[in-house]
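This report goes through one structure part by part. Please look at the sequence and the model below before reading on.

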Amino acid sequence: VPGWIVFTEAIGCEPNDNGGKDYTPWSSQGYGIIVRLNNGYEPGGTIPYSARYADFAKRCANYVRNSSGCHIWIIGNEVNMAWERPGGPEHGEAITPRMYAEAFRLCRHEIHRRPGHADDQIVIGAVAPWNVQTVYPDNPSGDWIIYFQHLLELLDGEADGIALHTYARDANPASLVSEARMGAPFEHRRAMFRTYIDFMEAIPAHLRHLPVYITETDQNQPWRDDNVGWVQAAYAEIDRWNSDPSRQKIRCLALYRWQRHDQWHIQGKAGVIDDLRQALRH
């Protein structure tokens, strides 16, 4: 495809809601379309309370059935983050890998049952790097890579793709190739953009045929409105990774985000857009 567009949708969990969306204005131009299905945003929860997982699965399937132009669906977002919990970060229901896997299986089963969607890719939601907010007996430190590994183990053979998030710490292009590490007790984890490597290396060999999509990347602060070469360096780094034929390919690196919904918007920032245009020339 000539490029990817990631949409994030808050669809709720009412099982009789049949609303959908038309993505063909973009897919008809040849773009790869990825849609992330969320129950809602803080404090609603990216997936609902566990008692409503079955309802959420039916709502996801209804949305897919009544949408057009997309066949790649991500279930939820950064479920190891406290603010993605149903009920909010303070008093919400923490989402363990086992709980997410239960919701994911139900969603995938319901979506694949819908006519014309049996072969859709149902993709594991990205795990938030550097985050230690969700702890459970098998992961008392809340290590994000262990959380990710547990998701893969629980959904082995039941996922059609993997979503990742990776970020820099600033607008310095040099940070994109930094091997700097986290502080104790995570000295073995990368602290910069190359955190994506920690995720990629954690994928077991028998799952390395699955498509991987990096559906969010940014400077971890508001985009600096200047063409400093950051965007070009980011794509060059992923190209470097993909150039080794022994590695699992990363199919997408989506910049977060275009519209002015939060502080990370790119729309109107001519320097960043020019940087992207130069990256495309490569």
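## Helix α5

Helix α5 is mostly covered, with 8 of its 11 residues buried. Buried stands for under 20% relative accessible area, exposed for over 50%, and partly exposed for what lies in between (1.4 Å probe, protein chains only). Helices (H or I, at least four residues) and strands (E, at least two) are DSSP runs, numbered from the N terminus. The buried residues of α5 are Trp144, Ile145, Tyr147, Phe148, His150, Leu151, Leu152 and Leu154. They pack against α4, β4, β5 and α6, where contact means heavy atoms within 4.5 Å.

## Basis of the model

The model is predicted: local features need pLDDT of at least 70 and side-chain atom pairs count only at pLDDT 80 or more, while totals for chains, interfaces and linings use all residues. Residues are numbered from 1 along each chain as its sequence is written, and side-chain values use heavy atoms, with hydrogens and water left out.

## The sheet

An open sheet of 7 strands has the order β1-β2-β3-β4-β5-β6-β7, with parallel pairing. β1 (4–10) and β7 (250–255) stand at the edges with a single partner strand each, so one side of each has no neighbour in the sheet. Neighbouring strands are turned by 25° against each other on average, direction ignored. For such angles, axes are lines fitted to C-alpha atoms, for helices over the stretch in contact, and angles run from 0 to 180 degrees between N-to-C directions. Two strands count as paired if DSSP finds at least two bridges between them.

β1 and β2 run parallel and are joined by 7 bridges; Trp4 has Gly32 in β2 as its bridge partner. Between β2 and β3, also parallel, there are 3 bridges, and Leu37 has Ile75 in β3 as its bridge partner. β3 (residues 72–75) pairs with β4 (residues 121–124) in the parallel sense over 4 bridges, with Ile72 opposite Gln121 in β4.

## Cover on the strands

How many residues of β2 are buried? The count is 7 of 7, and the strand is described as mostly covered. Gly32, Ile34, Arg36 and Asn38 point one way from β2, while Ile33, Val35 and Leu37 point the other way. The residues on both sides are buried. β7 is also mostly covered, with 5 of its 6 residues buried.

Helix α6 lies across β5, β6 (212–217) and β7, and runs at about 155° to β5.

Thr195 is found in α6. This residue is buried, with a relative accessible area of 0%. Not counting residues up to four places away in sequence, Thr195 touches Pro129, Trp130, Trp144, His165, Thr166, Tyr167 and Arg190.

Where is Arg189 found? Arg189 is in the loop between β5 (161–165) and α6 (195–202). It is buried, with a relative accessible area of 12%. Leaving aside neighbours within four places in sequence, Arg189 is in contact with Asp143, Trp144, Ile145, Ile146, Ala180, Arg181, Met182 and Asp198. The C-alpha atoms of Arg189 and Pro129 are separated by 9.6 Å, and the two residues are 60 residues apart along the chain.

## Helix α8

Helix α8 (residues 270–281) has 12 residues and reaches 17 Å from its first C-alpha to its last. That is close to the 16 Å expected at 1.5 Å a residue, the expected span being 1.5 Å times one less than the number of residues. Gly271, Val272, Ile273, Asp275 and Ala279 are buried in α8, and what covers the buried residues includes α7 (230–242).
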